[in-house]
Structures are given as structure tokens and as C-alpha cells.
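The following paragraphs go through how two chains meet. Have the sequence and the coordinates open while reading.

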Amino acid sequence: MTKSITRTGLTRRSVLRGATALGAAALILPAGMRAASAEPKKGGILRIGMGSGSTSDSLDPGSWADAYTQVFATSRHNYLTEIDADGALQPEIAESWEASADAATWTFKIRQGVTFHSGKALDAEDVIASINHHRGEDSTSAAKPIVEGITEIKADGSHTVVVTLESGNADFPFIMSDYHLAILPAKDGAIDPASTDGCGAYVLDSFEPGVEARLTRNPNYWKTDRAHFDGIELLPIVDGAARQNALISGQVDVIDRVDLNTVHLLKRAANINVLSVTGSQHYVFPMDSRAAPFSDNNVRMAIKHAVDREELVEKILNGYGTVGNDHPISTANRFHAGDALEQRTYDADKAKWYLKQAGMDSLDIELSVSDAAFGGAVDAGVLMSEKSAAAGINLTVKREPADGYWSNIWMKKPFAASYWGGRPTEDWMFSTAYKSGANWNESFWENARFDQLLAAARSELDNDKRREMYVEMQGLVRDEGSTIIPMFANYVMAHSTAVVTPEKVAPNWTMDGFRVAERWWFA
Amino acid sequence: MAHVWRMIAQRLALGFLTLFVVSLLIFGATELLPGDFAEAILGQSATPETIAAIRRDLGLDLPFHTRYIGWLSNVLQGDFGKSLANQQPVIELISKRLGNTLFLALYAAAMAVPLALILGILAALFRNTVFDRMSNALALTSISFPEFFVAYILILWFAQTGYFPSIVRFSPGIGFGESLYRSFLPALTLTLVVTAHMMRMTRAALINLLASPYIEMARLKGMSPMRVILRHALPNALAPIINVVALNLAYLITGVVVVEVVFVYPGLGQLMVDSVSRRDIPVVQAVALIFASAYVLLNLTADVLSTLSNPRLMHRR
């Protein structure tokens with residue numbers, strides 16, 4: 001028996017629409033002041049200034065890591081599936097998909113008539129080779145862990161792909177939208193990772209890593225209502241002030257990662273709109289749950305209550321964000337707990353009470369921070385240290401070198417700063433960083449009930465039951481977990497008023513889910 | 001003249017030895033940095049298996065000396081290898097950026113050196129006048145501010161008002177004049193940063209000589225102050241001036257990464273910083289060798305020119 005999962009079946013629940021009041025995609029400017037999103041017009045070269053990108057960037061899909069390579073990749077490639085601005089899954093190269101009853105076998109119908117820039121027609125072999133690039137013993141891909149659940153992937157005819165998973169996963173089609181899993185042309189069963197060929201909206205003209213990439217519109221693009229610009233120029237401008245200057249002086253049309261310290265000044269500039277989107281990006285402070293004193297949940301709860309979240313959002317994010325409730329599920333996700341879980345606030349007395357439960361009068365801990373974890377992490381540590389003193393917690397902030405932070409500090413020191421871009425589904429986020437023994441379980445937290453729920457919810461196709469389970473899991477992470485999640489940071493971008501954005505800008509990643517090149521247009 | 005050639009040959013040989021030592025030091029220093037390419041490129045997404053696979057692919061699991069000797073023997077055959085990060089040949093990555101870096105360095109030098117010499121000579125000539133004080137104060141002010149601050153001020157004055165672009169983009173097919181226009185602000189920033197050093201040295205060297213008896217003799221003969229300085233003092237002050245100019249030229253080639261970042265200028269400094277942070281050793285090595293060669297060659301040129309400008313060294317007994 002197969003159960004068909006249609007587009008509507010996976011659409012975000014209307015319950016969540018109410019949550020937009022919390023700012024699911026709050027644009028700073030009132031709707032009336034925004035340029036009217038009329039019929040998209042074709043034409044113009046969009047120049048994008050990105051706050052990332054370096055001379056070491058490569059074309060290999062397994063190596064894409066920062067927003068520059070991600071926007072660049074999404075401009076020239078297509079994926080099996082696409083997440084739309086509402087967080088719902090849409091078909092892209094896969095026309096439709098079906099799951100077996102246990103959600104462990106997925107059948108994707110591949111779209112007919114799609115061609116690569118080189119003229120080659122796309123078929124099932126290309127899809128299989130593109131996914132296999134990330135799998136296997138010799139894979140060097142950063143996406144290897146997310147396709148690890150696949151045990152077999154094979155073609156059934158020229159335009160059908162059947163994927164067998166280790167165990168059921170109701171969210172598997174979501175995973176196929178991951179930015180690493182671009183569809184490249186296959187040759188002898190493998191893709192060439194250095195190839196620039198794709199089937200996306202724009203064709204690559206030239207790419208000089210760390211300097212610029214130029215693309216022109218793919219005249220044969222199968223989506224007729226997308227890709228409105230004649231061309232794209234993608235520039236890495238890592239320095240925040242240089243990026244703003246380039247926008248103000250009209251050398252670029254769009255920038256990402258607006259410097260939050262000066263955003264109020266940028267808003268004053270004429271002909272510039274600041275765009276702020278609440279997504280799943282969050283900043284965290286994992287504690288090593290195996291090591292004393294963090295092995296005692298009372299200590300963890302004491303520290304969680306000693307964090308002034310409002311202040312962090314106000315001072316570190318300059319208001320461009322929302323408070324976190326110590327679980328990693330954002331309002332942009334489908335099963336966000338919302339009012340089912342009370343918002344945790346700063347409470348020094350409660351923190352003291354928890355310390356007493358742990359048999360302590362005061363607590364001395366060291367927090368390792370660096371701005372490599374997230375911009376403002378050092379300042380955030382200092383603020384936390386100030387506030388937790390009132391609760392009898394002596395938090396020493398240790399500034400670590402940014403260079404090598406992820407290999408030497410993160411998951412090595414017992415208490416450190418980190419961040420997550422967030423994942424489009426609850427299962428993905430939880431199994432990446434909260435499941436017992438997961439590679440990136442940065443707090444080394446283990447909870448049997450949580451793991452059990454995670455496995456059950458993954459293969460459950462009934463959305464109401466899933467919701468119940470995911471809400472319980474958010475509660476578990478919040479009250480027993482070993483990670484402080486004080487804030488969700490908005491994606492803050494800015495563009496000239498000549499650029500028109502759709503009514504709703506996607507919150508799943510920065511730059512309209514990386515799809516700025518095919519979703520926006522010039523007025 | 002023969003001893004000059006001998007000196008050049010000797011210094012070049014020593015230069016090669018220096019380059020060898022530099023390459024060994026850089027290789028060792030990169031080794032001492034925490035983490036390697038595999039960890040740096042995967043960052044937060046690293047897993048033990050993928051790190052092991054990358055190391056296996058690129059031979060990073062081999063011992064230090066094997067990798068160094070392998071690299072050295074390739075370089076001796078003229079093969080600088082490929083970037084670990086994007087598999088492009090190192091020569092290709094570097095050649096364009098080296099061109100950009102040299103262009104900016106020469107552009108800045110073409111403005112800074114004449115400016116510094118003229119200001120220095122005039123300051124010596126009008127010593128302790130308002131002009132001397134003003135030019136000293138201005139030069140010292142501009143050298144005392146950090147480069148990025150000077151750059152931001154210039155951007156505020158000249159770029160936000162629309163006279164010059166705030167980021168430098170060399171689009172394909174732009175002419176020489178357009179290139180000069182687009183990179184004017186970074187060149188001006190560098191000019192402001194390096195002028196003071198050369199100007200003060202020129203002034204000091206000249207003033208030092210102006211106290212010597214033969215200058216007094218020239219003055220007593222009734223020569224004009226300008227002629228005294230240009231004809232009699234300057235030739236003897238050339239050696240220190242040449243040295244400080246060479247030092248500043250080397251700085252313009254090797255030390256301008258901050259200016260490159262602020263103006264998004266595609267030069268070698270940015271490449272070096274990116275490659276070090278990704279532990280991309282072949283690129284780091286090649287750029288380090290270029291920087292070291294720049295110092296060796298410029299110092300050699302300075303020494304040769306000082307020798308040529310000094311008759312006592314040219315006609316030794």
C-alpha cells in the first residue's frame with residue numbers, strides 16, 4: 001500500500017499562520033511603503049554583494065558551506081524539491097513523489113523535458129549520480145551525514161527514481177531540497193564535481209573565486225514564471241562597511257548580512273529598503289552534558305534561568321530577532337510548539353533555587369566564545385556573565401581565537417558558543433544536533449524518551465500525531481536538554497528600491513531561501 | 001663595475017637560500033597552526049569519516065617531511081601544484097592577482113615617491129618654517145591613523161559623494177585609464193600611508209648633510225639654496241633615501257591586505273589570508289615565496305643603486 005503525499009498534505013498548518021504575529025516573516029517596512037509587487041518584469045543585471053565567499057570557494061557541491069556558494073549554486077542549479085516562502089515543499093526536478101506506508105521507500109517522478117545548460121536532457125541517471133556524489137566510503141562531502149539514511153537509490157525507467165531508506169522518514173523529500181544536493185549531469189554514472197553545468201535559472205559565464213561570478217539567464221529554463229533578471233553578478237564583499245558603501249553608492253543592488261550596529265543609519269539612506277526575515281537561524285550555547293557540573297540537570301536549568309534573553313535580542317541583535325525558548329524549532333517550522341510551551345524568562349531566584357537543588361551555593365564556570373561562532377558572541381558572553389552573577393553563577397568569559405574555532409573549541413570545550421542555520425524540518429534539526437550519538441550533538445545530550453519519540457515521529461505520516469510528538473520533544477529539549485538557545489536571529493538584508501521582492505520572502509535561509517536570483521525582479 | 005656584478009650574483013644566490021628557508025618555515029608554521037585543510041574546509045559540518053576521506057584524497061595523511069619534499073621537488077621542476085580548496089593550478093590563481101597587486105603598488109608608488117621626495121626636499125629647504133611644520137604634521141597624521149580609517153574617510157568624502165567607486169571591480173575589457181580611475185581610492189590611501197616615512201627620511205638625510213663643511217663651503221661661494229640641495233646634498237643623501245623607498249615598495253606589495261579588504265581589491269593579500277585560514281598550503285607557500293622574493297629583489301636593487309650612487313663604493317682600492 002502506498003500513501004500519496006501531495007503538496008497540500010505537506011503545506012504548513014494554518015495554525016502556524018497565526019504565529020506570523022510573532023514575526024514569521026516580518027518585513028520592517030509597513031506593507032504600504034514597500035514597492036508594489038506587481039507583475040514581475042524581465043530585464044536588468046542584478047548585482048549582489050555577499051558577506052561571505054573567498055578565494056578558496058569551489059564548484060564541488062560537497063564543499064558548499066557559506067551563503068556565497070549557496071546563492072551561487074541555487075542560481076545555476078535545480079534540486080529535486082524546493083521549499084517555498086511559506087515553508088511548504090514544492091516540486092522542482094521531481095514532479096511528484098510517493099512514499100510506502102512505512103515511509104521507508106520513496107518514489108520520485110522526474111520532470112520530463114528539462115535540459116542542462118549544455119543541452120543534455122535530464123533523466124533519472126543524473127539524479128542518482130548527483131545524490132551518490134555525497135554518499136559512500138570515499139565521500140568528502142559535508143552533506144554525507146544527511147544522505148546517510150539512504151541504503152539504495154535506483155532508477156525505475158528513465159524518469160523515475162526509487163530511494164530506499166534504512167528506516168522510515170516522512171520528511172525525506174524535504175531533505176532533497178538541501179543546497180548540497182544539486183542535480184548535475186552524470187557521465188558514466190558519476191558527476192564531475194568541477195563542472196559548471198546545471199539545469200537552473202542562470203548559466204555561468206565566468207567565476208573567479210573570491211572576486212566575482214557572472215551568470216546570464218538560461219534561455220531554455222523550464223520555469224517560465226521565474227528568473228526575471230537578464231544576468232546575475234555575485235560579488236563577495238566580506239567587510240561589512242564596504243558592503244554597505246557599495247549599496248549606498250549604487251555599485252550593487254542587494255546585500256546580505258547588514259551590520260546590525262549601523263542598520264539604523266542604513267535605513268535613513270534614500271532609495272534603500274532594509275529587509276528583515278525571521279527564520280530558523282539561531283544562536284546557541286551548548287554545555288557538555290557528560291562533564292560536571294553540566295551533567296546535573298539542575299545546574300543546566302539554573303544557567304538557563306540566568307540568561308536574560310530579551311536583553312540579548314535587544315543588545316546583540318539590535319532587536320532584529322526573537323527570543324528563544326531553549327529548543328531549536330523556529331516559528332518558521334511546521335510544528336513549532338507556540339503557546340504550548342511557556343516562554344522562559346530571566347529569573348535569578350529560580351536559578352538560585354535550581355542551584356540549591358544541585359546542592360550548590362554558587363557556581364564557577366567558563367564560557368568559550370569567539371565571533372567565529374556568531375557575530376556578537378563575545379559580547380553576548382559578557383552580558384550573560386553580568387546577569388548570571390545575580391544568581392550566584394560566576395561565569396568567566398574566555399575569548400578564543402576565531403581561526404580554527406570549529407575544530408579546536410566547538411565540541412571540545414565544555415561550554416561554548418555556536419550557531420545553527422536551522423533546518424526546514426523538526427526531524428532534521430533534532431537528528432542533526434540532539435539525537436543521542438549524532439555527529440553534531442554538540443552537548444552530547446542523551447535522552448531515551450527523546451530518541452524514541454524522534455524515531456516514532458520520523459516514520460509517522462499523520463500530521464496531528466507528529467505535531468504532538470514534536471511538541472513533547474521541544475519540551476524535553478527545553479527542560480532537560482543541555483543547550484541554551486536564547487535567541488533566533490533574523491536574516492537582515494538590504495536592497496535598492498529598484499529591486500522588487502515577492503509579497504513574502506522565504507525565511508528558511510538568507511536571500512529568500514538562497515533563491516534571490518530567480519524570485520526577485522527589477523521594478 | 002665587476003664587483004657590482006659579483007655582488008648581484010652573490011646576493012641572488014643568497015636570495016635563493018633565503019627563499020628555501022622561508023618555504024620551510026612557512027610549511028612548518030602552517031603545520032603548527034591548529035587544524036588542517038580538511039578540518040578547515042568542513043568547519044562545523046566535519047565528521048571523522050569525511051575528514052579522513054579528504055586527507056586520503058589529498059595526501060594530507062602523509063608525514064610532514066614527505067609532503068614537504070614532494071612539494072619542493074615539484075617546485076624545482078616549476079610545478080607549484082594545485083590549490084587544495086578548488087583544484088585550480090596555483091600559478092593560475094596567483095598570476096592575475098599578482099598583476100593586480102603590482103599594479104596597485106606601482107600606482108601608489110608613482111604618486112607617493114615623487115610626492116615624498118618633493119615634500120622632503122622642500123621641507124629641508126624651508127626647515128622650521130610653517131611649510132615644514134605643516135607638511136610634517138600632515139604626513140605624520142596620515143601615517144598615524146590606521147589604514148582602514150584613512151580608507152573609510154576617503155570613501156566618505158569621495159565615494160559616497162559619487163566621484164569614485166568604493167569597491168574596485170576590474171571588469172573584462174576595461175582600459176588602462178578606467179583601471180586607474182577605479183583603483184584611485186586604494187592607491188590614494190596607500191599613498192597617504194607610505195608618504196610620511198619616505199618624506200621624513202629625505203628631510204632628515206638632507207638636513208644631516210646640510211651641517212657638513214662642504215655644504216657650508218658651497219653656501220659661502222654664494223650658490224642658491226636650491227642648487228646646494230639638489231646638486232651637492234642630494235647625491236650624498238641618496239643611499240638612505242633609496243633604502244627607505246625600497247622598504248616602502250616592499251610594504252606596498254606585501255602588506256596591504258587591510259586596504260584590499262576595505263576596497264574589495266582582488267590582490268594577493270586577500271588570497272594569502274583566505275588560504276591561511278583554509279590551510280591551503282600550496283597557495284600559502286607560493287604567495288609567501290612571492291612576498292619573500294619581493295623583499296629580496298627590492299633590497300638587492302636598493303643596495304645596487306646605493307653602491308652606484310656612491311663613488312667611494314664604486315671605485316674601491
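A polar contact is a pair of N or O atoms within 3.5 Å; within protein, one of them must be able to donate a hydrogen and the other to accept it. By that rule, 13 residue pairs are in polar contact between chain A and chain B, both residues of each pair being at pLDDT 80 or more. The model is a predicted one, and the predictor assigns the complex an ipTM of 0.83 and a pTM of 0.86. For chain B the average pLDDT is 88, and 100% of the residues score at least 70.

On the side of chain A that touches chain B, the elements giving two or more residues are strands E12 (212–217), E13 (231–236) and E20 (418–420), together with helices H5 (240–248) and H11 (405–408). Helix H5 of chain A provides the largest share of that side, with five residues. By residue type, the side of chain A that touches chain B divides into 16 nonpolar, 16 polar and 13 charged residues.

Taken over both partners, 45 residues of chain A are in contact with 41 residues of chain B. About 3400 Å² is buried between chain A and chain B, and carbon and sulfur atoms give 50% of that area.

Charged side chains also pair across the interface. How many salt bridges does the rule find between chain A and chain B? There are four across this interface. A salt bridge joins the side chains of B:Arg56 and A:Asp138, with an N to O distance of 3.2 Å.

Notes
Residues are numbered from 1 along each chain as its sequence is written. Chains are lettered from A and ligands numbered from 1 in the order in which they are written. Side-chain values use heavy atoms; hydrogens and water are left out. Contact means heavy atoms within 4.5 Å. Buried area is the accessible area (1.4 Å probe) that two parts lose on being put together, summed over both. A polar contact is a pair of N or O atoms within 3.5 Å; within protein, one must be able to donate a hydrogen and the other to accept it, and residues adjacent in sequence count only if both atoms are side-chain atoms. Helices (H or I, at least four residues) and strands (E, at least two) are DSSP runs, numbered from the N terminus. Ala, Val, Leu, Ile, Met, Phe, Trp, Tyr, Cys and Pro count as nonpolar, Asp, Glu, Lys and Arg as charged, and the others, Gly among them, as polar. pLDDT is the predictor's confidence in each residue, from 0 to 100.
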